[in-house]
Amino acid sequence: MTTAALQEDTPGKRAPLVLGHRDFNAVTETVAGIVEKKTTPSWLVLLGLAVSVLLILLGSLGKLVAEGLGIWGLNNTVFWAWDITGFVFWIGIGHAGTLISAILFLFRQKWRTSINRAAEAMTIFAVMSAAIYPVFHVGRVWFAYWLFPIPNQMSMWPNFKSPLLWDVFAISTYATVSILFWYVGLVPDLATLRDRATTKVRSIVLGIFSLGWRGSHRNWLNYEKTYLILAGLSTPLVLSVHTIVSFDFAVSIMPGWHTTIFPPYFVAGAIFSGFAMVVSLMVLARKAYGLEGLITIKHLENMNKIILLTGTMVGYAYAIEYFIAWYGGNEYERFAFINRAFGPYKWAYWTMWSCNVFSPQLFWFKRIRTSIPAMFVISIFVNIGMWFERFVIIVTSLHRDYIPSSWTYFRPSLFDISTFLGSFGLFFTLFLLFLRFLPAVAISEVKGVMPQADPHAGHDDHGHDAHDDHHEEASAKADESEDEGDEGEEASDDAEKDEEESRG
Amino acid sequence: MKRAPYPIEPDTSGKNYWRSVDEFEKSPSFAEDLKREFPEGAAEPPQGTSRREFLTIMGASMALGGLAACRRPEEVIVPYTRAPEEVVPGRPLFFSTAMPILGTAIGLVVETHEGRPTKIEGNPRHPESLGATNSFVQATVLDLYDPDRSQSPQEKGEARTWDEANAFLRKLGDDAKKKNGKGLAILVEDHRSPTLAAQLDALLKLMPDARVVRYEAFGRDVEEEGARIAFGKALVPVYDFDAADVVVSIDADFLHNEGSVVKNMRAFAGRRNPDRKDKPMNRFYAIESAFSVTGTSADHRVRVQSQKIPALAYALAQEIAAAAKVELPAEITSSLGGAAALDPQTAKMVKAIAGDVAKRNGAVAIVVGRKQPAAVHALVHAVHRAIGAVGKTVKLVRPLDEIKSGPAEIGALAKDIESGKVDTLFVLGGNPVFNAPADARSAIAKAKTLIHVGTHVDETGKAATWHLNRAHTLESWGDVRAEDGTGAIVQPLIAPMYGGKSDAEILEIFLGGTRKGYDLVRASWRGAQSLVADFERDFRRALHDGLWKDSAFPAETADLDASKVGAAIKAQKAAAPKGDIEIVFDPDPHAWDGRYANNGWLQETPDPMSKLTWGNVASLSPKTAKGLGVADGDLVNVSANGATVTLPALVAPGQADGTILVTVGQGRSVVGRVGKNIGVDTGALRASASFHVADGASITKAGGTTKLSRTQEHFLTEGRPLVLEASFAKYQESPQVVPPPKKYLSLFEERKYDKGHAWGMTIDLSACIGCNACSVACQAENNIPIVGAEGVQRSREMHWLRMDRYFEGDLDNPTSVSQPMMCSHCENAPCEEVCPVAATTHSPEGLNEMTYNRCIGTKYCANNCPFKVRRFNYHDYTKDTIEQHKMQMNPDVTVRSRGVMEKCTYCVQRINRAKISAKAEGRDRLRDGEVVTACQAACPAQAIHFGDLNDKQSEVAKRAEGPRGYKLLEELNIRPRTTYLAKIKNPNPELEGA
């Protein structure tokens, strides 16, 4: 660590979470302004692009339903490829949102406030993009509802032993809780927008969705409790959803899939890819909407630290898989791993290593960690790498399994590519609509972490001008902030652990 | 399809009841109402559509049209108004018949459903079948329903009626009679029909100047020629491999595409059974250029160019004579000359073979293939005689007729056509314009009057003046005699679908007769069969049994003409090969000589060695390919006989260096929809002078690459214990040659299968040679679709039973094994655990069952299948099934739709059929052997056994528990129900380590 970095992160005094000497009104104006201002041409252009890509998805799926899975490159050895890769990829991305909003909330990581809203939105949209695949990768889409345990005239239950069924429950629970959590967090901000509404329609619609929010103490009390409970509910989901997704593979008997390391490895990978996606999106959004003061370099740097941590964990998992493959003495497993690294898909494997393990190591350097272009490039690399990780797991394990006579080589078809590309269209369309029509930053929460909100920070320049409902939270923060302060030194460590240690 | 009510004319004879006052008054509005189905305005198209109306109607049509499209197709089931005798809907009937194949004939039992033949089985009583078949016989049923068959006689491409054709034939016949048959030639196939042979005899008597020529692109002409040299007449060697302790193949693929392959397979495999008590395991030496299916079962294999094999055969003959201390006739010995220059390793092998042969006291069969010159065939006759094999392992019988065949004959015919000596050519079956030697085929098309009898308008049919549509074997009356003379009646299973006629019927019309096929056959057997006591009874018996009892030809004795043999050998020796590179021609594994080019099953049946489908290649040895710098799929120019053909190359391990294997039969130009643009016509390389082997050939890299459609891309076992092998000596020492079964623990409660049946299968890898009969039989039985070349390239073939091929050892000279692989019905089936909708479940009898209509197609089961035997319907492969093909479908097996998984069911429909009959007989258990799966029935080697593992006396239980039985991937504790029996080889101890 450089001395410069040491000087910046002086123990005892933390970097402010909101920059630019704003007051509460300025925060409201900045965030609500995005929603209330006229549509900008650049947004329209971006939306047009995103919708075009979305149309590619719709076209691809239309053809898929009309003609069958044969339009993809799958074969009778590799039955899953880009479809399930895409599924795991998107589900993984979603995890960062839940982690930021739930786990960091429970650990009182204040810096999450300016990014949690967008991250949660990203979670929901990512889950929606992910959901395309389990639905459409089945041969008879029109019967996909048989996956749900709906009472029927055949008295048939689904097979509760199947990890795919666990998936159905895991994903639907995850989607439900994520939407609820996101929506509950939105309520105070929707009320703010409602109060600022200039048209009748707007005020009625926002009035409905803000659930009669009055900003009363009782409102806040109930809100905080609900939010805490939902955060508590979401927290195990961060671990469980990807654990269950990993069971799709771990429970099978395919060498390369049948590994007990998968649950933690998948969760780490999910958080890794999710944070990378948040960084990519936030870097763009803060620039586009002038949110540099709310989403500060500090925020981005913290996320980069998590990327560095989880990237290293993922690298460790890659390495330990090799150790176990050798140590376990199972010849098929050993072959599967040798084949990954040196077989026909070695290009994919080493792309994965380069993107996921090597590139985040650059974040050891503060200069890179705090450089917007560098982090943007690395976050994109991480996303590419994590896509390849799933591809490597799925395709390289399947294409050469037990019986060599059925070994083959999977090549994607045009429609594999267009379906995956199209899922980005869905994601970005929804994300752009979100940015335009909903407050992208949690206004009320950000206000709570501003210095003004801290009643004990009277000596500060911006004193007591507008603190109202946030004093509980703010004082809580003040209490803790005395115990914290060494975070900057241990830049590599994750925030949670840090927090825990300091408490203990 | 909805059926409209018949237009019923009003019957005015009875009382008139009126339906309404309107009718009573005969008002015009009622008459109008009667005609219309819907009330006024509902069915008339709107007149003078405005934009708005147009949009309304279009919108409504879109919405309603969409709804209508959701309906399931309506079908009308029409009951028999007068039920045919013995036909019970849903219950199949079986009829015996027979068909000619490979210069012999095979007895068949054909399953029919409501009058539709759906599946061909072998006739267990027929000596050429013994219940088994091969892939071509299995696929014949698909040919019957080929929609591209010609559907009427044609004159220069114009459709004609049979009346017109008959008139033409009669006139032609009358004219020919007047001219004593001058200028008339008849070209026949290797038809094996005594009736047809008698008709041709009669024809030659009526028209002495006519000539009859027989031609088969891959026939037995060299063998016949060899017998003519040795004995002065065409005698047919009939082998009894059951009596042979040592078998030597001299370039002969006698288990796969030469001779009585099905019969040979059974007898040969019987002697490969290491558990057999009465006769020990045989030892098999193969000397060949290309790695043949037969060669894969060899204990020792010598790979050497076909053109160099004669020298090796001469050396072998000398060594055998020396080792067995027998004398070959002096003329032959002198012609063999001194020891040929063999390399030391080959010389050692030849010595060892000779030593082994000498020890066996005549229980030796030396089989010579069609790629070897007649001199070698003749020499082997002499050797057989000298060592006392004649009468023991080889029987000589008379041929069906004395008509000569071969490239020289058809070459002479072609010359006569060109010179105008022959102006009328009657092609009774076959497609000589496509598959005759290169120097003859264009001339055939030039005949002034060319009459083609065939099931398809092929190249010959297109060139013909008259094409007469021939009835399929399964549609016509006829008869055949097998190689050994056993006679059988060919009976029709269905009336000719397109009104075709059989060869005999057409010839009858030509000769001025009016008898139908049935009468012709009866007449022929009534007269010819000396065994017949009561014709009606015996004819019925022959029909029922599928053969004429004791009708085999007696063994002939003939004197060896040693001087001629010696002269032939000398002549052969004098004609030195023209160069180092040779082309050897084989029938195409898919299209045969072109006749099956339009058969989708066969096109998609992988070549047993290269696993190539949908096309043909030039196979090269690894060394030759490396020398040329080509890899699989690279295009090469192959030249011989002044012609050059561009083919994709394929590296074939085990092939002799400098040998190019080219198959003939693909690349048909006038062919139906299936065979269109498949493969390359290689016929130009094949001249009559170098018909089976073209020496002095050349090959160059052409540049460019094509994608080969192969069902297997990896041919190494990677050291995995998939195919277990041991030597016979070791097996005799201690029979436990495979690791003994282990008991693995399961986390779950184990299912018990101690009550009722526990179905299981055993596959004997010692017997299996990988001929694909089982695979095609499975396809026919289970309505398995084909996926086309592109589907195979994407590895989406649907075969429930695939044949895996592995090579082992040296790349240049490996050994090879084949392993049939289908669903093993694991007791702890990994597929069942992971299916989210419980579409694949276990039956109480241990079958892993697929419920198609529950399957939603997550494909997880297939991912989790360690054997990768599950097959997914990526497209709707059966949606566009042609009406004719629908008739072939087995009604007992569901036709699968798009998006569902499928796999081997252990022929559950056959199990259930047997159970129903057992129940009807009041039994609650099936007897051993009552259920025979399609693959098991077809297997000529009897490698597959199926039955109840709970019945400890059953064949399958005994085999499964025998010392050779092992389970694949046992350590996964999936507990497959299919047991493989280790392959036992019987190498010569003298050559061990060589």
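Student: How many helices and strands does chain A have?

Tutor: Chain A has 18 helices and 0 strands. Helices (H or I, at least four residues) and strands (E, at least two) are DSSP runs, numbered from the N terminus. The model is predicted: local features need pLDDT of at least 70, side-chain atom pairs count only at pLDDT 80 or more, and totals for chains, interfaces and linings use all residues. Residues are numbered from 1 along each chain as its sequence is written, while chains are lettered from A and ligands numbered from 1 in the order in which they are written.

Student: Why is A:Leu430 called partly exposed?

Tutor: A residue is buried if 20 or more other C-beta atoms lie within 10 Å of its own, exposed if 12 or fewer, and partly exposed in between, with C-beta atoms placed from the backbone. A:Leu430 has 19 C-beta neighbours inside 10 Å, and therefore counts as partly exposed. This residue lies in helix 15 (residues 414-437) of chain A. In chain A, buried residues make up 50% of the 504 residues.

Student: Which residues does A:Leu430 contact, leaving aside its neighbours within four places in sequence?

Tutor: They are A:Phe125 and A:Met128. Contact here requires that the C-beta atoms of two residues, placed from the backbone, lie within 7 Å.

Student: What makes up the contact between chains A and B?

Tutor: Chain A supplies 38 residues and chain B 42 residues. On the side of chain A, helix 6 (residues 163-196) gives the most, with 3 residues. By class, that side has 22 nonpolar, 12 polar and 4 charged residues. Ala, Val, Leu, Ile, Met, Phe, Trp, Tyr, Cys and Pro count as nonpolar, Asp, Glu, Lys and Arg as charged, and the others, Gly among them, as polar.

Student: What makes a set of residues a nonpolar core?

Tutor: The members are buried Ala, Val, Leu, Ile, Met, Phe, Trp, Tyr and Cys residues joined through C-beta atoms within 7 Å. The largest such core has 424 residues, and B:Leu379 is one of those that touch the most other members. Helix 9 (residues 262-288) of chain A gives the most to this core, with 16 residues. Not counting residues up to four places away in sequence, B:Leu379 touches B:Ala313, B:Ala317, B:Ile332, B:Val565 and B:Ile569.

Student: Why are strand 25 and strand 26 of chain B said to stand at the edges?

Tutor: The sheet is open, with 7 strands in the order 25-19-24-21-23-22-26 (chain B) and mixed pairing. Strand 25 (693-695) and strand 26 (698-705) each have a single partner strand, so one side of each is left without a neighbour in the sheet. Within the sheet, strand 22 (residues 634-640) and strand 23 (residues 643-651) of chain B run antiparallel and are joined by 6 bridges. B:Ala640 stands opposite B:Ala643 in strand 23 of chain B.

Technical notes:
Two strands pair if DSSP finds at least two bridges between them.
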